[in-house]
Amino acid sequence: MATQQFTANVLRTGARNARKAPRAASRMTVRAAQTDLTLPIDLRGECPFRPPVVVPRPMRRPSPTRISPRIDARSMRRRLQSLATRRRRIGARPGRRQISTLRPQNDATDRYRSSDLSFPRSSSSTGKKAFVAGVADDQGFGWAISKCLAQAGCEVILGTWVPALNIFETSLRRGKFDESRKLSDGSLMEFAKVYPMDAVFDTYDDVPEEIRTNKRYAGNEKWTVAECAEQVEKDFGKIDILVHSLANGPEVAKPLLETSRNGYLAALSASSYSKVSMLQRFGPIMNKGGAAISLTYLASERIIPGYGGGMSSAKAALESDTQVLAYEAGRKWGIRVNTISAGPLGSRAAKAIGFIDDMINYSLTNAPLAEKPLSAMEIGQTAAFLCSPLASGITGSCIYVDNGLHAMGLATDAKSLERSD
Ligand code: NAD
């Protein structure tokens, strides 16, 4: 809990004002030597970014009087029998773990809806200002990141895609997201303002006539990236955190070999160049020491059949740009730029691709951390860390938050690994 409070405090006010951590340092205590963080980080306590983990006791030599109930032969037999019955019932192949496709929102969303947040609530009155682009419901990474930033004391400003804005604001007003808005102290996450935005257009001169007159854009104005940044500056002054949590590939369901030039370029425009454009326009209104993050996917560097339409190329560009932008924005404005390579989540955008349940199942079966599906909040917490002064030395990095799936070189449930003997 001490470490959690510390993390929240440094995100809110900067390291200098963070409250003092426990003095008692032990063998497991790491001192932040040669940095201005003089507070010790106690590695014995609860990890601030994960639910508590039960640490197993050291192994003892089994004796007739000390057989753990976990490895008791009779209970093991019973467990195996019930597992076999369950497998027969759902028709699963041995060795393959399944999650119910009837509940595509899986455990990740259940936990995500709960108010059990790892960061303690901090007052937002002196908090940093974050602009989060790519929130149009409570199911995706943008929402989870906003929630973790709000939990840590940030003032959260949203940029929502124009065609999705109306329904999002209506749902918000009618309380549809109230359960998901709950912070750890029971209060509801508030958005300082929701701006209309379309990250595909830099200035109004770029907007073609059919979009200007499109009824999904009617009633909104100043929604290009440049105009949006101007409005944010006018209303809030400088910001500290810039989040790019958006992507769009109109031909994502098509293999690359069948992708049109227009489809490919549209994927890059919405999913990669949008990040460059945002940093160009928001960089000048960011405070020194600020941080920008985006969301990428493993398909940028490994083949994920089904993630087509140039989306894999768009994510590769996003990751490469993260490095170049880290250099340029770091030198120009003192801003850090990182990206998070997230594991699969059943968000609205992911469902549109059509195979997200398979990806979640695959990860659940094959990732090193196979006890649970990935939670959006785990990405949110990593984002909050990356945007905090705790990550002041991290820039140009791609951080994997995917239960470790990226590290695997073998699908553990591959048919070819099955033995007949
Ligand atoms: P999501 O549907 O919650 O978020 C995507 C958002 O992008 C939506 O709010 C949509 O309105 C917005 N958007 C689309 N085009 C836009 C435009 N032109 N201008 C402004 N906003 C626009 O889905 P998500 O899965 O949370 O996606 C967030 C990010 O996470 C994306 O970059 C996505 O590629 C990435 N990601 C997702 C997964 C996954 O499995 N869901 C895995 C890795 C990375």
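Me: Which of the 29 residues around the ligand come nearest?

Reply: In this predicted model, the nearest of the 29 are G140, L246, L295, S347 and A349. Helix 4 (141-151), strand 7 (286-296) and helix 11 (348-353) are the elements that each supply two or more residues to that shell. Helix 11 contributes the most, with three residues.

Me: How many residues of the shell are nonpolar, polar and charged?

Reply: The shell has 19 nonpolar residues, eight polar ones and two charged ones.

Me: Now the sheet, please. In what order do the seven strands lie, and is the pairing parallel or antiparallel?

Reply: The general idea is that strands of a sheet pair through backbone hydrogen bonds, in either a parallel or an antiparallel way. Here the open sheet runs 5-4-3-6-7-8-9, with parallel pairing. Strand 5 (191-197) and strand 9 (398-401) are at the edges with a single partner strand each, so one side of each lacks a neighbour in the sheet. On average, neighbouring strands are turned by 20° against each other, ignoring direction.

Me: Which strands does helix 10 touch?

Reply: Helix 10 (residues 311-333) packs on the sheet against strand 7, strand 8 (336-342) and strand 9, and its direction makes about 160° with that of strand 8.

Note on methods
Residues numbered from 1 in each chain as written. Predicted model: local features only at pLDDT ≥ 70, side-chain atom pairs only at ≥ 80, totals over all residues. Near = placed C-beta within 6 Å. Helix = DSSP H or I, 4+ residues; strand = E, 2+ residues; numbered from the N terminus. Nonpolar A, V, L, I, M, F, W, Y, C, P; charged D, E, K, R; others polar. Pairing = 2+ DSSP bridges. Axes fitted to C-alpha atoms, helices over the stretch in contact; angles between N-to-C directions. Contact = placed C-beta atoms within 7 Å.
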